[in-house]
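Could you walk me through this structure in my viewer, one selection at a time? I have not seen it before and would like to know what to look at next.

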Amino acid sequence: MTETTSPEQLAASAPAHLPATASAGAPYRAAGPAETSPVVLRLERVGVKYGHRSAVDNVCMDIYKNRITALIGPSGCGKSSLLRCLNRMNDLIPEAAVSGRIYLDGVDINSDAVDPVQVRRHVGMVFQKPNPFPMSVKDNIAFGPKRLGLGSRGRINEIVEGALRAATLWEEVADKLDQPGTALSGGQQQRLCIARVLAVNPEIILMDEPCSSLDPIATLKIEDLMRELVREYTIVIVTHNMQQAARVSDYTAFMLASEHGLHGQVIEYGATKEIFTNPRDKRTEDYITGRFG
């Protein structure tokens, strides 16, 4: 996970592949022989507690490179808590404790030897509500590259334009680079936040309900953008919108709190088409068809 770690070193340290079905109490299903993309994130018995309250328990799953994985389920089932584990955002919550192992390219990101700042460079986050910094459009994008010392002023300008183009925002803001990012529309602000993540060249992009505060037209632009970005990046999205999950994702994990509401578990995980057309668990079918949640 450091800048000097080579792909060969990462591959050498990767754990052996999990079986298609994990042991009792650890819901897990591999993608199957049709998936040729390598595993970029591996979760082994991941749990999250806030003080004495368990929010997520015993999650085991593989996330595949250049694929979109959706986390779905009713409110309070631990989707966002699980998502925050993937770039150590839970470290910023004093009472939060994460258990289990999360491997990024074979490296355990929770190891004491791993710098969480480096994890977040490799695994960027886009939040539910657009949160542009109180600075210009250009400075919003340049903030990360400058902090990381990624180049001269000319190089920074190239990065800014490239990130805005990748977020399909350049044509709309090319003449507004010196204006405040907060002056953009809601949909533009969210794409600005995506461009800000892209500017530091991450491997994975996490999105926590990125369209929940947007109108249908802005939502469609974000969804189209995700399908473009997945050619270069791996995306994990939390969404309450079943139609959105069906439209944009390649894999879907259905999460549900326990009967006593104490913690969230992955009930079923697999190819999105299978989850939505032929779910194996009655609870998945009931949620997708709107019988609860």
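**A tour by selection**

Start by selecting F254: its relative accessibility is 0%, so this residue counts as buried. Keep in mind as you go that the model is a predicted one.

F254 and Y287 make a stacked aromatic pair, with 5.2 Å from centre to centre and 25° between the planes. F254 belongs to strand β9 and Y287 to helix α11 (residues 282-288), so the pair links distant parts of the chain, 33 residues apart. Y287 has 6% relative accessibility and therefore counts as buried.

Stay with strand β9 and pick Y251, then Y269. Their ring centres are 6.2 Å apart and the planes meet at 45°, so this pair is tilted. Y251 is in β9 (residues 251-257) and Y269 in strand β10 (residues 264-271), so parts 18 residues apart in sequence are tied together. Both Y251 and Y269 are buried. Select Y64 as well, and you have a cluster of Y64, Y251 and Y269 linked by ring pairs. The structure holds 4 aromatic pairs.

Next, head for the largest pocket, which holds about 680 Å³ of space. Its lining has 19 residues, and R120, F133, F143, G144 and V200 are the closest to the centre. Colour helix α4 (137-147), which gives the most to this lining, with 4 residues. By type, the lining residues are 10 nonpolar, 5 polar and 4 charged.

For a last stop, select F133 again together with R196: the charged end of R196 sits over the ring of F133, 3.9 Å from the ring's centre.

Note on methods: Residues numbered from 1 in each chain as written. Predicted model: local features only at pLDDT ≥ 70, side-chain atom pairs only at ≥ 80, totals over all residues. Heavy atoms only, no water. 1 Å grid on protein atoms, 1.4 Å probe; cavity = no way out; pocket = protein on both sides within 12 Å on 5 of 7 lines; lining within 4 Å. Points joined across faces, edges and corners; volume = space filled by probe spheres on them. Helix = DSSP H or I, 4+ residues; strand = E, 2+ residues; numbered from the N terminus. Nonpolar A, V, L, I, M, F, W, Y, C, P; charged D, E, K, R; others polar. Phe/Tyr/Trp six-rings, centres within 6.5 Å; stacked < 30°, edge-to-face > 60°. Buried < 20%, exposed > 50% of the residue type's maximum accessible area, 1.4 Å probe, protein only. Lys NZ or Arg CZ within 6 Å of the ring centre and 35° of its normal.
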